[in-house]
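Student: I'd like to learn how to read the place where two chains meet. Could you walk me through it?

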Protein chains: 2
Amino acid sequence: MVETKEKILDTAEQLFGEKGYAPTSLRQVIAAAEVNLAAVHYHFGSKEELLDALIHRKADGVNQERLARLERLEAQAGNRPIPVRALLEGFLMPMVGVAESHPQFVRLIGRVQAEGLLPGIVQKHFQPIAKRYIAALRRSIPNLPEPEFLWRVHFMVGAMAHTMGGTPIFPGPPEAFHGRMRKLVTFLTAGFLAPAGKPEEK
Amino acid sequence: MVETKEKILDTAEQLFGEKGYAPTSLRQVIAAAEVNLAAVHYHFGSKEELLDALIHRKADGVNQERLARLERLEAQAGNRPIPVRALLEGFLMPMVGVAESHPQFVRLIGRVQAEGLLPGIVQKHFQPIAKRYIAALRRSIPNLPEPEFLWRVHFMVGAMAHTMGGTPIFPGPPEAFHGRMRKLVTFLTAGFLAPAGKPEEK
DNA sequence: GTCTATACTGAGATAGAC
DNA sequence: GTCTATCTCAGTATAGAC
């Protein structure tokens, strides 16, 4: 039954987003979805693969919008570097639409990314596009030493994951996610454009 | 035996830092520490309280240095606001010493903070001092609207947790932690000092 | 006061009947 | 495709040895 599979996916997305991946047991999922425990393993193989399928289901849409925005920016810019702020907006704002329709999904992504327990399960779905953005970002910030640039990307990932997955300071309605992301873009843009730290101390 | 308790703490710190809190079972800890399973519950009560004791053991030192630095900065500044960069250094750099002697501990703190599964277990030990720093930071950035300021604190926490707990881009020796933290301070300083985002869009 | 042995419940996973 | 029964391993609780 295709219904069973969908029901498991929907329920798992809901519960994983609310309470987190690790603390939610498959038994809670199957109870809420009113299916049998073995059905999960039949359809997905394992709890981790269920999570994987969950992310896969929605990642494509985000990836496509991210890619479209990047290509538009590149076309507009021609040979000139793209403004840092525009790149960060192109990467981050596509999450807003998803957050408004499926807030639990965005929380889940942030949580799983931050937990780092499932190494690479988020990367697997978002890495290819992320790499293109990072390359474009590099072209827009050519004077920063490479390690400092890469660490700034690292800082961005942390801030992003925590903003999407962490308990928000102001809970607020889903629409508030838009403003939150804009504030994040402002913050990160300034961080990326900061002059390189002095290398005096190792 | 005081030895048993210490052995459990040391071993747990090591393993939790390496693999994370949730994925490390108590049975792995007691096997490595060569003690009995029930001894953990005798001395600590539960896995979560073991983690708590672990953090407590090292948090005091960090907190004291953070406080000392803040008071020195306040004394120097008199009535003038303290430079943002100096505040962020005062808060972040005390982690460097710990990272060099006990890198696993710093990873653990970052991981647990990022996981968010044990809500408040990190806050419990660091919140009081953090609040004082946040208040001082506020005095140094008086023109930013309150929500935007608080969100920037939130972004900082995410970047910090990911930098301490996440898999580093360049593994490197423990001494490298110093340079990493300096880069983080540079990045965050610029982020905090960025002009407020336009409120045009909600 | 410290620690050991053992058992209990609930987790994810799997084999095999239907 | 689906469900029952069962396996292993997790965290936890307790009775009792020293």
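Tutor: Happy to! A polar contact is a pair of N or O atoms within 3.5 Å; within protein, one must be able to donate a hydrogen and the other to accept it. Keep in mind that this is a predicted model.

Student: How many residue pairs are in polar contact across the interface of chain B and chain A?

Tutor: The rule finds two such pairs, both at pLDDT 80 or more. As for salt bridges between chain B and chain A, the count is zero.

Student: Which helices of chain B supply residues to the side that touches chain A?

Tutor: Among them are α7 (103–115), α9 (146–165) and α10 (176–193) of chain B, each with at least two residues there. That side of chain B divides into 20 nonpolar, eleven polar and twelve charged residues.

Student: How much area do the two chains bury between them?

Tutor: About 4,000 Å², with 72% of it on carbon and sulfur atoms. B:Trp151, B:Phe155 and B:Phe187 supply 20% of the area that chain B buries against chain A, more than any other three residues.

Student: What does A:Phe192 contact, beyond its neighbours in sequence?

Tutor: In soluble globular proteins, nonpolar side chains tend to be buried together. Here, the partners of A:Phe192 include A:Val84, A:Leu88 and, from the other chain, B:Phe187. A:Phe192 is also one of the four residues that touch the most other members of the largest nonpolar core, which has 132 residues.

Student: Why is helix α5 of chain A described as largely enclosed?

Tutor: Because seven of its nine residues are buried, including A:Val84 and A:Leu88. Its cover includes α4 (47–77) and α10 (176–193) of chain A.

Technical notes:
Residues are numbered from 1 along each chain as its sequence is written. Chains are lettered from A and ligands numbered from 1 in the order in which they are written. This is a predicted model: local features need pLDDT of at least 70, side-chain atom pairs count only at pLDDT 80 or more; totals for chains, interfaces and linings use all residues. Side-chain values use heavy atoms; hydrogens and water are left out. A nonpolar core is a set of buried Ala, Val, Leu, Ile, Met, Phe, Trp, Tyr and Cys residues joined through side-chain atoms within 4.5 Å. Buried means under 20% relative accessible area, exposed over 50%, partly exposed in between (1.4 Å probe, protein chains only). Contact means heavy atoms within 4.5 Å. Buried area is the accessible area (1.4 Å probe) that two parts lose on being put together, summed over both. A salt bridge is a side-chain nitrogen of Lys or Arg within 4 Å of a carboxyl oxygen of Asp or Glu. A polar contact is a pair of N or O atoms within 3.5 Å; within protein, one must be able to donate a hydrogen and the other to accept it, and residues adjacent in sequence count only if both atoms are side-chain atoms. Helices (H or I, at least four residues) and strands (E, at least two) are DSSP runs, numbered from the N terminus. Ala, Val, Leu, Ile, Met, Phe, Trp, Tyr, Cys and Pro count as nonpolar, Asp, Glu, Lys and Arg as charged, and the others, Gly among them, as polar. Lists of a residue's contacts leave out its neighbours within four places in sequence.
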